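Open the model in your viewer and keep the sequence panel beside it. We will go from stop to stop, selecting a few residues each time.

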Amino acid sequence: MLLHLNPASGVPIYLQIENQVKHYVAAGALKPGDALPSVRKVAADMRINPNTVARAYQNLERDGVLRSVPGGGTYVAENPGGLLKSEKIRRLRPYARQIAVEGTQLRLEPHEIVNLVEQELQSLEVMDERVGNPNR
Amino acid sequence: MNELAIQTDRLVKTYCELRAVDELSINVPRGSVYGFLGRNGAGKTSTMRMLLGLARPTAGGATVLGFPIGRDTLAILHRTAYVTEGKILYGRLTARELVRFTKGFYPNWSDEAVAKYARRFDIPMDRPFAKLSLGNRTKVCLLLALAQQAELLILDEPTSGLDPVAVDEFQRVVAEDLAGDGRTVLISSHQLADVERIADWVGLIDYGRLLLEARLDDIKSQYRLITAAGTGLPQSKGGDILSANSDGNFRKYLLRANADAFAAELGNQGATITEVSPLGLREIFLELVRKEEPCTSGNAGEIPVTSFSSLE
């Protein structure tokens, strides 16, 4: 698993890990059932504190992205879509608001902002095809 | 068993007039990597020396691995590996001889660890210590500390003189072999970027006093720098506002919590919020230490860059 971490940024490292794992899962680079490297291995490879990695894994598990088998490692959850739609929307809304605010401040037209989001969705699909996700 | 590996209770150390450590109370959780940060002369080394029984507190007390300092010094020294600030060992001895000399003092000494770290850090084992570069001396000190297999490691500037490859290797050792095994590590350093990577807790001291102690991730999720423009903005600090500085028409606030609520309040007062941004450890460090300086003029708080050159 390839992580790019910037410890000097103001974003906590555990959040950087969470965001990147979510991105890989959304893009299909990590597929349901795929094993994730152990906390210890990620910590050693990235030279970061194991407690930080453990925190990210726990949060991802809570969010239904990962599941852990007692004594047997951590895997991408089979059905990450198990959340209620209303809950999914609740979680996404802050990001949508941020895009709306930033876009408006930059004086972009509403359709230009929507276009940007669509482009990002398309680039996820392209990545998905490249890694050959059989689930889609 | 005590959840804290190190706990100090209003620890004081004075040297003549100077209060090097001033009622310092820190809590280092077991299994944590604790970054002990501060400017030169902030009191880090004095604190570490008192924890190990190498200096006597003027007042206050502390426990290390549950043992009171000053009473159970031997019990503490048996369980604690220490890398000193000075990195001075017997100059005529080679690393190999220093290993042979040191190992007898430590019940859990591991010769496998010696072999492993000598290889990983690329340590010249057969040259007299006095003839080694500062970086290689630091490596030998680290080797002797790591081979003790101690529960607690107290490392005073453990990366001084190390090249980037050796620093990277050191961080891997801390992440994998120390934190990964549940050992506790207290690291003092000026290299904020290194600490930021590897520490999960930080304690920041200045003039012997504690300015901040918290989980690093929590600091980063809560501390925010708010930039606002408008007239009649509040000027004072206090509460969650750690600093308030003017910059032309803008005013900058450092908040330690509830930044969004404060920004909303400013907005209600007619201010334009231009930015609410998270901060890295270096920015937080500078903001907090700068707080201690007298604020007199409009751009009070501007710091002369030279006085922080050791942080670069």
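Which residue forms a salt bridge with B:Asp240? Select B:Arg256, and there is the partner. The closest N and O atoms of this pair are 3.5 Å apart. Keep in mind that this is a predicted model.

**Stop 1**

B:Asp240 lies in the loop between β12 (224-229) and β13 (241-247) of chain B, and B:Arg256 lies in the loop between β14 (250-255) and α9 (259-268), so the pair ties together parts that are 16 residues apart in sequence. Now show the surface. B:Asp240 has a relative accessibility of 26%, so it counts as partly exposed. B:Arg256 is partly exposed too, because its relative accessibility is 37%.

**Stop 2**

Next, select B:Lys220 and B:Glu196. They form a salt bridge, with the closest N and O atoms 3.0 Å apart. The pair links distant parts of the chain: B:Lys220 sits in helix α8 (residues 216-222) of chain B, B:Glu196 sits in helix α7 (residues 192-198) of chain B, and 24 residues separate them. Are these two buried or exposed? Both B:Lys220 and B:Glu196 are buried.

**Stop 3: a longer link**

Select B:Asp177 and B:Lys116. Their side chains meet in a salt bridge, 3.1 Å from N to O. This pair also links distant parts of the chain, 61 residues apart. Find B:Asp177 in helix α6 (residues 164-178) of chain B, and B:Lys116 in helix α4 (residues 111-120) of chain B. Now check the cover on each residue. B:Asp177 has a relative accessible area of 9%, so it is buried. B:Lys116 has 27%, so it is partly exposed.

How many salt bridges does a search of the whole structure find? The count over all chains is 24.

**Stop 4: a network in chain A**

Move to chain A. Select A:Lys22, A:Arg62, A:Asp63 and A:Arg91. Salt bridges that share partners join these four residues into one network.

Now color chain A by secondary structure. Trace the chain from the N terminus: the order is α-β-α-α-β-β-α-α. Of the 136 residues in chain A, 32% are buried.

**Stop 5: a loop and a nonpolar patch**

Go to the loop between α4 (85-105) and α5 of chain A, where A:Leu108 is found. A:Arg107 lies in that loop as well. Select A:Arg107 first. Phi of A:Arg107 is near 60°, a positive value. A:Arg107 is exposed, because its relative accessible area is 74%.

Now select A:Leu108. With a relative accessible area of 32%, it is partly exposed. Together with A:Leu108, they make a nonpolar surface patch of about 520 Å². Which helix gives the largest share of this patch? Helix α5 (residues 110-130) of chain A does, with three residues.

**Stop 6: another positive phi**

Return to chain B and select B:Leu65. Its phi is near 50°, again a positive value in a residue other than glycine. B:Leu65 lies in the loop between β5 (59-64) and β6 (67-68) of chain B. Because its relative accessibility is 9%, B:Leu65 counts as buried.

**Stop 7: helices that cross**

Hide the side chains and show the helices. Two packed helices are described by the angle between their axes and the distance between the axes.

Select helix α3 (residues 95-103) and helix α5 (residues 134-146) of chain B. Their axes come within 11 Å and cross at roughly 30°. That angle makes α3(B) roughly parallel to α5(B), because the cut-off for roughly parallel is under 35 degrees. The crossing of α3(B) and α5(B) is right-handed.

For the last pair, select helix α2 (residues 39-46) of chain A together with α6(B). These two axes come within 7 Å and cross at roughly 165°. Are α2(A) and α6(B) roughly parallel or roughly antiparallel? They are roughly antiparallel to each other. Like the previous pair, α2(A) and α6(B) make a right-handed crossing.

How values were computed:
Residues are numbered from 1 along each chain as its sequence is written. Chains are lettered from A and ligands numbered from 1 in the order in which they are written. This is a predicted model: local features need pLDDT of at least 70, side-chain atom pairs count only at pLDDT 80 or more; totals for chains, interfaces and linings use all residues. Side-chain values use heavy atoms; hydrogens and water are left out. Patches are made of residues with over 30% relative accessible area and no salt bridge: like charges are joined within 9 Å, nonpolar side chains (Val, Leu, Ile, Met, Phe, Trp, Tyr) within 5 Å. Accessible areas come from the Shrake-Rupley method with a 1.4 Å probe; for residues, only the protein chains shown count as cover. Helices (H or I, at least four residues) and strands (E, at least two) are DSSP runs, numbered from the N terminus. Buried means under 20% relative accessible area, exposed over 50%, partly exposed in between (1.4 Å probe, protein chains only). Axes are lines fitted to C-alpha atoms, for helices over the stretch in contact, and angles run from 0 to 180 degrees between N-to-C directions. Angles under 35 degrees count as roughly parallel, over 145 as roughly antiparallel, 65 to 115 as roughly perpendicular and the rest as oblique. A crossing is left-handed if the near helix is turned anticlockwise from the far one by less than a right angle, and right-handed if clockwise.
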